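Open the model in your viewer and get ready to select residues. We will go from helix to helix, then look at a pocket.

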Amino acid sequence: MTQIVAHSFEAPGAPTPGGPTLVRPARPPRPARPMTDEQVRERELVLAAQRGDEASFGRLVRLHQRRAYAVARAIVGTHEDAEDAVQDGFLHAYRALDRFLPDQAFGAWLHRIVANAALDLTRRRKVRAAEELPETVAAPFRDPGEAEHLRGRLEAALRTLTDRQRSVIVLHDVQGFKHAEIGDMLGIPEGTARSDLHHARAALRRALGSLRSEL
């Protein structure tokens, strides 16, 4: 008669009684994504600026000033305050340049500093009652610019939002930043940025009321 012998099975990697422990080999780390030519040139400028080359820092300013202005304008609302915030932001960035790690994205680091400068300016001055509507905001709401009272309705609707809600909706819907980027700039969790965007859009719909029927 054939004798049936039971075999025991050990889970992979489990220690064998009386034997060595089986260890799975660690997965090799993913190779770093190669830098683009633009990123290489920017990194060289950053390194030169950190060595004290003011001309290189000036080139970095010129590379990022347009986007930095857009970030500040989204937060403070007016051209004058945005310019002040950008100047403050670049000054803070220059002073903190020795603490910047060149392997990071310089633009993202700079935008966070500019956003903080804009928020600080907003906290100090609050929102001016007669602030101008950012021209870039007209795009997502398709303001044809044919009637001044419609523009006034849009301006009034934006003023019903909190500072942070207005910042989030303009940074996302107009400037195209992602939720995580906005959260990083404003110092809030990504989920909070998503929630602020949702509430900002809902508040604008309520504030605008019957505007669509007037267009």
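Begin with a right-handed crossing: that of α2 and α7. This is a predicted model. To find the pair, select residues 54-76 for helix α2 and residues 163-173 for helix α7. Their axes lie 7 Å apart, and the packing angle is about 145°. Now show the side chains at the contact. From α2, pick Val-71, Ala-74, Ile-75 and Val-76. From α7, pick Arg-166, Ser-167, Val-170 and Leu-171. Colour them by class: six are nonpolar, one is polar and one is charged.

**Next stop: α7 and α9**

On the α7 side, select Arg-164, Gln-165, Val-168, Ile-169, His-172 and Asp-173. They meet a set of α9 residues that includes Thr-192, Asp-196, His-199, Arg-201 and Leu-204. The classes in this contact are six nonpolar, four polar and four charged.

**Back to α2, now with α3**

Select α2 again, together with residues 79-95, helix α3. Here the axes are 8 Å apart and the angle is about 140°. The two helices are therefore oblique to each other. The crossing of α2 and α3 is right-handed. Which residues meet? In α2, look for Phe-57, Val-61, His-64, Ala-68 and Tyr-69, among others. In α3, residues in the contact include His-79, Ala-82, Val-86, Phe-90 and Tyr-94. Sort the contact by class and you get 11 nonpolar, three polar and four charged residues.

**Last stop: the largest pocket**

A water-sized probe rolled over the atoms shows where empty space is left. To centre your view, select Gln-39, Glu-42, Ala-105, Phe-106 and Gly-107, the lining residues nearest its centre. In total, 28 residues line this pocket.

Which helices each supply at least two residues of the lining? Colour α1 (37-50), α2, α4 (106-125) and α8 (179-186) to see them. The largest share is from α1, with seven residues. Finish by colouring the lining by class: 12 residues are nonpolar, five are polar and 11 are charged.

Terms used
Residues are numbered from 1 along each chain as its sequence is written. This is a predicted model: local features need pLDDT of at least 70, side-chain atom pairs count only at pLDDT 80 or more; totals for chains, interfaces and linings use all residues. Side-chain values use heavy atoms; hydrogens and water are left out. Axes are lines fitted to C-alpha atoms, for helices over the stretch in contact, and angles run from 0 to 180 degrees between N-to-C directions. Helices (H or I, at least four residues) and strands (E, at least two) are DSSP runs, numbered from the N terminus. A crossing is left-handed if the near helix is turned anticlockwise from the far one by less than a right angle, and right-handed if clockwise. Contact means heavy atoms within 4.5 Å. Ala, Val, Leu, Ile, Met, Phe, Trp, Tyr, Cys and Pro count as nonpolar, Asp, Glu, Lys and Arg as charged, and the others, Gly among them, as polar. On a 1 Å grid over the protein atoms alone, a cavity is a set of points where a 1.4 Å probe fits but cannot get out, and a pocket is an open set with protein on both sides within 12 Å along at least five of seven lines; lining residues have an atom within 4 Å of a point. Angles under 35 degrees count as roughly parallel, over 145 as roughly antiparallel, 65 to 115 as roughly perpendicular and the rest as oblique.
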